[in-house]
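Reader: Take me through the packing of this chain, please. Keep it brisk.

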Amino acid sequence: MPALEFYTNPMSRGQIVRWMLEDVGEPYQTHILDFATGLKADDYLAVNPMGKVPAIRHGDAIVTECAAIITYLADVFPAAGLGPRVGEKADYYRWMFYAAGPVEQAVTNQAMGFVPTPEQGRMAGYGSYDQVIDVLDHLLGERDFACGDRFTACDVYLGSQVMWGIGFGTLPKRAPFAAYAARLGTRDAYRRAKQIDADLIAAMTPGPPKE
Ligand SMILES: N[C@@H](CCC(=O)N[C@@H](CS)C(=O)NCC(=O)O)C(=O)O
C-alpha cells in the first residue's frame, strides 16, 4: 500500500479528516501547514490549488475536500468497515452529499448573515436554513446513525457538521443533534483525533512570557 500523507492545520476542518484517519487505523504522516505562509506556497498549491486544508496524498493520488477524502478512505481501506454495505448505499451517499452541500452552505450563509429570500431559496440548493435543519432533525430523530443502526464514514462527516454546529452555536439546540453528537463522541478514534489536534494546538500556542 502506498504511503498516506495528511496535510492539515489542527485548527481547521482537518480535524474531520484526522478523525477518519484514526478510525481507518492505517499509518499516516502529517504535514502541518501554517495559515499565514504554508497554504499559499507553491509546493502546497501543487497539492491543493485552492490553498486550503485538509488534503491527502496516497501514492500518486491527491484528494481534497473533506467529504471526498472521507469517502475515498472508506473506499480504499475496506477492511476498516466504514464504507456502506449494499443496503446502506442510498443513505450513505444521500446524507454524505447532503452534509457537504446543503448543510455546509446553509450553516455558512446563516453564520455570515446571508438569509436568502423565498425566491432566492428556490435557486439556492439548500432552500433555506430552517428547511435544512428540520430535515436533519427529522433524520437524526428517527435513527442512531446516517445509515441506520451502524456507524459508517458518513457519520464522520455528517457528525462533524453537527458537532461543529453545536460547538460554534451555528446549529440550533435540538435533542436529536445533542444525542447524535454524544453517541459519536464516545468513539475511541474520535477521542484520539481530538487529543492529537489539541496537543498540536497547545504546542503551537505561545505560553505566558517568562519573567
Ligand atoms: N470545502 C473544503 C473547505 C476547506 C477550507 O475552507 N479549509 C479552511 C480551514 S477550515 C482553510 O484552509 N482556510 C484557509 C484559507 O482559505 O486560506 C473542505 O471541505 O475541505
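**Packing in a predicted model**

Author: Start with Pro10, which lies in the loop between β1 and α1. One caution: the model is predicted.

Reader: Is Pro10 buried or exposed?

Author: Buried means under 20% relative accessible area. Pro10 has 0% relative accessibility, so Pro10 counts as buried.

Reader: Which residues is Pro10 in contact with, leaving aside neighbours within four places in sequence?

Author: Pro10 sits in the loop between β1 and α1. Outside its sequence neighbours, the contacts of Pro10 are Gln15, Ile32, Asp197, Leu200, Ile201 and Met204.

Reader: What separates the C-alpha atoms of Pro10 and Gly83?

Author: Along the chain, Pro10 and Gly83 are 73 residues apart. Between their C-alpha atoms the separation is 25 Å.

Reader: Which element gives the largest share of the largest nonpolar core?

Author: That core holds 52 residues, and Trp19, Met20 and Leu73 have the most contacts inside it. Elements giving two or more residues to this core include β1 (4-8), α1 (14-24), α3 (66-76) and α4 (89-111). The largest share, 8 residues, is from α4.

Reader: Which residues does Leu73 contact beyond four places in sequence?

Author: Leu73 is among the residues with the most contacts inside the largest core. Leaving aside neighbours within four places, Leu73 touches Leu4, Met20, Leu21, Val24 and Ile56.

Reader: How many residues are in the second core?

Author: This core is separate, and Leu33, Tyr44, Val47 and Val53 are among its members. Its count is 7 residues.

Reader: How are α4 and α7 oriented to each other?

Author: Their axes are 9 Å apart and the angle is about 25°. Angles under 35 degrees count as roughly parallel. Therefore α4 and α7 are roughly parallel.

Reader: How do the residues of the contact of α4 with α7 divide?

Author: The crossing is left-handed. From α4 come Tyr92, Trp95, Met96, Ala99, Ala100, Val103 and Glu104, and from α7 come Ala153, Cys154, Tyr157, Leu158 and Gln161. The division is 10 nonpolar, 1 polar and 1 charged.

Reader: How are α4 and α6 oriented to each other?

Author: These helices also have axes 9 Å apart, at an angle of about 140°. Over 145 degrees would count as roughly antiparallel. Therefore α4 and α6 are oblique.

Reader: How do the residues of the contact of α4 with α6 divide?

Author: This crossing is left-handed. Among the contact residues are Trp95, Tyr98 and Pro102 of α4 and Tyr129, Gln131 and Val132 of α6. The division is 11 nonpolar, 2 polar and no charged.

Key: Residues are numbered from 1 along each chain as its sequence is written. This is a predicted model: local features need pLDDT of at least 70, side-chain atom pairs count only at pLDDT 80 or more; totals for chains, interfaces and linings use all residues. Side-chain values use heavy atoms; hydrogens and water are left out. A nonpolar core is a set of buried Ala, Val, Leu, Ile, Met, Phe, Trp, Tyr and Cys residues joined through side-chain atoms within 4.5 Å. Buried means under 20% relative accessible area, exposed over 50%, partly exposed in between (1.4 Å probe, protein chains only). Helices (H or I, at least four residues) and strands (E, at least two) are DSSP runs, numbered from the N terminus. Contact means heavy atoms within 4.5 Å. Axes are lines fitted to C-alpha atoms, for helices over the stretch in contact, and angles run from 0 to 180 degrees between N-to-C directions. Angles under 35 degrees count as roughly parallel, over 145 as roughly antiparallel, 65 to 115 as roughly perpendicular and the rest as oblique. A crossing is left-handed if the near helix is turned anticlockwise from the far one by less than a right angle, and right-handed if clockwise. Ala, Val, Leu, Ile, Met, Phe, Trp, Tyr, Cys and Pro count as nonpolar, Asp, Glu, Lys and Arg as charged, and the others, Gly among them, as polar.
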